[in-house]
Amino acid sequence: MSDQVLEIRTPFHEFEVGFNVIIDLITPSTRVLDLGCGSGTLLARLRDEKDVEGCGVELDQEKVIRCTERGIRVMTLDLDHGLEGFPDLSYEYVVLSRTLQQIINPERLVREMLRVGSKCIIAFPNFAQWKIALRYLLTGRTPIVKTFPHPWYNTPDIHRVTISDFRHFIHDIGGRIEKEIFIIKDTPGTNISWPNGRAEWGCFQISAQ
Amino acid sequence: MDQIGVVETQYLQFDGLRLESGGYLGPLIVAYETYGKFNDKKDNAVLVLHALSGDAHAAGLDENGRTGWWDGMIGPGKGIDTNKYFVICSNCLGGCKGTTGPTSINPDTGAAYGRSFPLITIGDMVNVQAMLVEKLGISKLHTVIGGSMGGMQALDWACRYSDKLESAVVIAATARLSPQGIAFNWVGRNAIRSDPVIPVNHSDSTTGDAKSGRGLAVARMIGHITYLSEETMQAKFGRKRTLRDMDGTTYSLGENEGMGGEFEIESYLQHKGSSFMERFDEDSYIIITKAIDYFDLVRQYGDMVSAFENITAKMFIISFTSDWLYPTSMSMAIVRALQAAKKHVSFVEVDLPYGHDSFLVPQGMPTLTRIVRGFLKGV
């Protein structure tokens, strides 16, 4: 098998459905902290569509400046350093969209998210999706796919996390999964059979027990 | 694009000021400049606060054609757009550029205050700025913005006059000066003290006020080293030499005015020191650096969170990656305390290599312009 990229998915944030899934979860007129907020697209939509008071965290300078130019409140912070300084339960929602797999210590960050937010929304690519898994099995090599688009030796996606992994992880740290949404071929759904093998993306709403 | 053009410094007189130390200082003159126009509601005023060696001339040209110290940021279409905002900048209390300071005449003696000028604080400077703002008929400022000492003032403004500003931009500043900062200021003042003011010739009225000592120049050179980064010095000067005919047996201690030293960095510092001597007063330098050293919101309010308790303004904190005099950790301390006090705070650490001076150098202006313009628009 060649190294060509499997044509199965689009990055979560780049298509409307990724945003829409998160936006649908959020109650209007709440406070939302978006970790790894990029240029502030999600927060701008939440502000305009749901009257949300948002704050973003981003490390990339160009993206931070874009946020400022769009009137999005933003902080230059490294998520690998945790959320020190954010008071307990100071946000209704803390969002971590397609960044979980890039955090050095996801446990520490997710525990921090549960401390800071009443509810946390975490969306990540599912490495157990059957096409990826099959490719992994057949070639014996780490697949390069659109959800994990870089070769293993030079990638920000340092964790190859699966939906099943995530469920166990939340259980282990004493969190509670309130909602699960799975995205297959740009279509979100909640009642899906075998999501660990079929979903391209998982989006979870969790809270502290 | 229009330019601001020639700007004239204006002056306002006040009866006086009760200092935080308890003393009274009066009468009081405040030098200031304004750019742009008030809108109908007078709610578009931006107060710009200068750093240690700055003055009221922030933008445009003065009558000698000298460009303002933040002309890159203030003007039509610039970061602080004078087509939208009415911009005010005043010389700080204790300064030597028009506002009452050590070079002003003490009405009790008829002579300049000199070293008898009372100790002042950053809070005193802010109180004077507030008097000016009130006199100009502004009930609420859109923004106060400043870097370094100006950033300390912006922070103090937000704590002290929370109902008089919508937002504050605090650039490369700290809520309490570090011991390292105090140390550099101490060395600077020591240089001045070790080289006392000696009037060149008392009997000659043309040189009676001239000062022969170079202590202030040395103080400025030390300051300049702390405002730059190692990277900038490397890039700008490297180990380049200016006096190529040095034969390896002679050297310069900078005794020839204008000749400077052997290395380019030496000549640069020599030039900066000399030009500073011509434009600044050493007693002002002493009194202002003392005020910077004393600035400590933690000591003043018990802790930083308490200091920020009454803040209602939207706070914007900016630091620079290469600033080792007021490093990011100090801005972070402000940010964390503001968060703990549940205030509206934004924080940007700007990746610029120019050290503490990053907010002043032209190369940093495009980046800073986008950030400041964006924030002001969102207030």
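Predicted model: local features only at pLDDT ≥ 70, side-chain atom pairs only at ≥ 80, totals over all residues.
Colleague: Where in chain A is the place of Pro156(A)?

Modeller: Residues are numbered from 1 along each chain as its sequence is written, while chains are lettered from A and ligands numbered from 1 in the order in which they are written. Helices (H or I, at least four residues) and strands (E, at least two) are DSSP runs, numbered from the N terminus. Pro156(A) is in the loop between helix H5 (130–139) and helix H6 (163–172) of chain A.

Colleague: Is Pro156(A) buried or exposed?

Modeller: Count the other C-beta atoms, placed from the backbone, within 10 Å: 20 or more is buried, 12 or fewer exposed, and in between partly exposed. Pro156(A) has 10 of them, so it is exposed.

Colleague: What radius of gyration does chain A have?

Modeller: The radius is taken over C-alpha atoms, and the globule rule is 2.2 Å times the number of residues to the power 0.38. For 209 residues, a compact globule would come out near 17 Å. Chain A agrees with that, at 17 Å.

Colleague: Which residues have the most contacts inside the largest nonpolar core?

Modeller: Such a core is a set of buried Ala, Val, Leu, Ile, Met, Phe, Trp, Tyr and Cys residues joined through C-beta atoms within 7 Å. The largest one has 160 residues, and those with the most contacts inside it are Val48(B) and Ala168(B).

Colleague: Which domains of chain B does this core lie between?

Modeller: The bounds come from an automatic or database domain assignment. Both domains give residues to the core, so it lies between domain 1 (10–176 + 297–378) and domain 2 (182–284) of chain B.

Colleague: How many residues does domain 2 of chain B put into its contact with domain 1?

Modeller: The C-alpha centres of the two domains lie 27 Å apart. Residues are in contact if their C-beta atoms, placed from the backbone, lie within 7 Å. Domain 1 puts in 18 residues, and for domain 2 the number is 11.

Colleague: How far apart are the end C-alpha atoms of helix H7 (residues 282–294) of chain B?

Modeller: The expected span is 1.5 Å times one less than the number of residues. With 13 residues, H7(B) should span 18 Å, and the model agrees: its end C-alpha atoms are 18 Å apart.

Colleague: And which helices do the buried residues of H7(B) pack against?

Modeller: Those buried residues include Tyr285(B), Ile286(B), Ile287(B) and Ile288(B). They pack against H1 (122–135), H3 (179–194) and H4 (215–227) of chain B.

Colleague: Which element gives the largest share of the side of chain B that touches chain A?

Modeller: At this interface, 17 residues of chain B are in contact with 14 residues of chain A. Helix H10 (328–340), strand S12 (345–350) and helix H11 (365–378) of chain B each supply at least two residues of the touching side. The largest share, 6 residues, comes from H11(B).

Colleague: Over which residues of chain B is the pLDDT below 50?

Modeller: Chain B has a mean pLDDT of 92, with 91% of its residues at 70 or more. The stretch with pLDDT below 50 in chain B is residues 200–208.

Definitions and conventions:
Contact = placed C-beta atoms within 7 Å. pLDDT = per-residue confidence, 0-100.
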